[in-house]
Amino acid sequence: GGGGGPKTQRILLAIEDITERKVMEKELTSSELRYRRLFETAQDGILLLDAQTGQITDVNPFLLKMLGYSKQDLSGKKLWEIGFFKDAEASRQAFRVLQDKGYIRYEDLPLETRDGQPMYVEFVSNVYSINGEKVIQCNIRDITGRKEMQDKLVAYERLAAIGELSGGIAHELRNPLATLDSSIFLLKKILPDTDERVKTHLERMKASVKSCVNIIDSLLNLTQMREPNRQMHDLRKVVAALLSSRDVPRGVNVVQEFPAQSVMIKVDRYQLDIALGNIVTNALQALDGTGELRAVMRTDDGTAELAFIDDGPGIARENLNKMFQPLFTTKAKGIGLGLVITRMIVEKHGGTIQVKSEPGQGATFIVKLPLLTNETTEQMTTPGLEGA
């Protein structure tokens with residue numbers, strides 16, 4: 001009808017309970033914050049990659065510090081485009097395996113820091129989803145120290161086997177070589193020195209005998225390596241005497257930079273002469289008759305540091321980690337035991353040895369040995385010092 005009353009307006013209110021969603025959002029935010037804290041503070045390196053392209057989307061501070069890169073250096077780069085992965089093609093293959101299987105692991109992957117220092121890492125990578133998008137996370141742990149220890153143990157086992165086999169042989173070879181050396185000496189006296197061909201052949205024979213004797217000495221040093229018989233010595237006098245005893249070519253300049261005060265150490269003088277002598281011999285051979293060899297010594301925080309620095313051709317980067325491995329040598333002559341014996345002696349004395357080099361810029365061998373404390377010095381007599 002005609003007399004209808006007022007129209008009624010109705011409002012529909014829809015009330016939705018979003019408590020659960022809010023709780024989930026809060027938990028998600030909290031989870032993301034916890035992950036971000038772990039990411040930022042983790043004591044392992046972490047890389048995040050786009051699972052489709054392989055581009056780096058994030059990198060944590062620990063990895064940047066470990067490898068010496070900035071975040072800008074890495075962000076947006078693909079795994080095989082960044083410098084610390086030596087083998088780009090292997091990195092591409094690893095990425096394809098990751099996309100296919102979702103997981104990859106390397107026990108001891110070789111990497112390089114930004115300044116070219118080699119290192120080994122344990123590399124573990126997984127694919128997982130974040131907000132519906134696939135992400136690759138790479139965890140990178142520095143195991144260089146562990147790897148070096150494992151390599152050292154293997155090296156010592158090999159040395160023990162070499163020593164056991166070669167000790168008797170070395171002794172047997174000494175007598176015929178001594179006879180041969182004496183015969184060469186007599187021939188030089190008997191034969192006319194005007195014949196250049198005769199002189200050349202005799203010098204070659206003598207050099208060959210000397211090379212064989214050096215190899216035998218290395219083998220005997222290895223088999224006779226005993227616990228050090230330590231006495232007090234001034235390292236300055238030990239090194240000065242060693243350098244003065246060497247046959248230094250005229251074209252090589254030997255420089256000694258030693259502290260003004262005594263550098264007192266407790267060592268087996270015979271063994272230390274062998275260890276340092278191997279380093280000096282290598283340096284002189286590298287200089288090949290011309291250049292400079294510097295022996296630089298300093299003391300710091302209870303340690304004597306001795307560096308032998310040559311300006312020769314240097315050592316190829318791929319060989320740096322192999323210098324102290326048994327039977328490794330870059331020389332035409334020798335069997336690669338000299339530096340191994342050097343490291344054994346230095347470590348038996350509680351010291352360390354390392355090598356630094358860039359191709360074309362010479363090499364530096366650094367030996368660190370513990371200094372004698374004042375208290376120890378006062379308690380000791382000094383019979384070894386007089387012979388230093």
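## Surface patch

Leu187 is placed in helix H5, which covers residues 144-190. In this predicted model, Leu187 has a relative accessible area of 33% and is therefore partly exposed, since that class lies between the 20% limit for buried and the 50% limit for exposed residues.

Leu187 belongs to a nonpolar surface patch together with Phe185, Leu186, Ile190 and Leu191. The accessible area of these residues together is about 480 Å².

## Largest nonpolar core

The largest nonpolar core has 34 residues. The members that touch the most others are Leu235, Val239, Leu272, Leu276, Ile279, Phe308 and Phe365. Several elements each supply at least two residues of this core: helices H7 (235-244), H8 (269-287) and H9 (338-348), and strands S8 (264-267), S9 (291-300), S10 (303-310), S11 (352-357) and S12 (363-370). With seven residues, H8 gives the most to this core.

Leaving aside residues up to four places away in sequence, Leu235 touches Val263, Ile265, Leu272, Met297 and Ala304.

## A separate core

Another core, of 26 residues, lies apart from the largest one. Among its members are Ala51, Leu98, Ile104 and Phe123. Phe123 is buried, at a relative accessible area of 3%.

## Aromatic pairs

The model contains two aromatic pairs. In one of them, the ring centres of Tyr106 and Phe123 are 6.1 Å apart and the ring planes stand at 50 degrees, so the pair is classed as tilted. The angle falls in this class because stacked pairs are under 30 degrees and edge-to-face pairs over 60. Tyr106 lies in strand S3 (residues 103-112) and Phe123 in strand S4 (residues 118-130), so the pair ties together parts 17 residues apart in sequence.

Phe324 sits in the loop between S10 and H9 and Phe365 in strand S12, so that the pair links distant parts of the chain, 41 residues apart. Both Phe324 and Phe365 are buried.

Definitions and conventions: Residues are numbered from 1 along each chain as its sequence is written. This is a predicted model: local features need pLDDT of at least 70, side-chain atom pairs count only at pLDDT 80 or more; totals for chains, interfaces and linings use all residues. Side-chain values use heavy atoms; hydrogens and water are left out. A nonpolar core is a set of buried Ala, Val, Leu, Ile, Met, Phe, Trp, Tyr and Cys residues joined through side-chain atoms within 4.5 Å. Buried means under 20% relative accessible area, exposed over 50%, partly exposed in between (1.4 Å probe, protein chains only). Helices (H or I, at least four residues) and strands (E, at least two) are DSSP runs, numbered from the N terminus. Contact means heavy atoms within 4.5 Å. Patches are made of residues with over 30% relative accessible area and no salt bridge: like charges are joined within 9 Å, nonpolar side chains (Val, Leu, Ile, Met, Phe, Trp, Tyr) within 5 Å. Accessible areas come from the Shrake-Rupley method with a 1.4 Å probe; for residues, only the protein chains shown count as cover. A salt bridge is a side-chain nitrogen of Lys or Arg within 4 Å of a carboxyl oxygen of Asp or Glu. Rings of Phe, Tyr and Trp (its six-membered ring) pair if their centres lie within 6.5 Å; planes under 30 degrees apart count as stacked, over 60 as edge-to-face and the rest as tilted.
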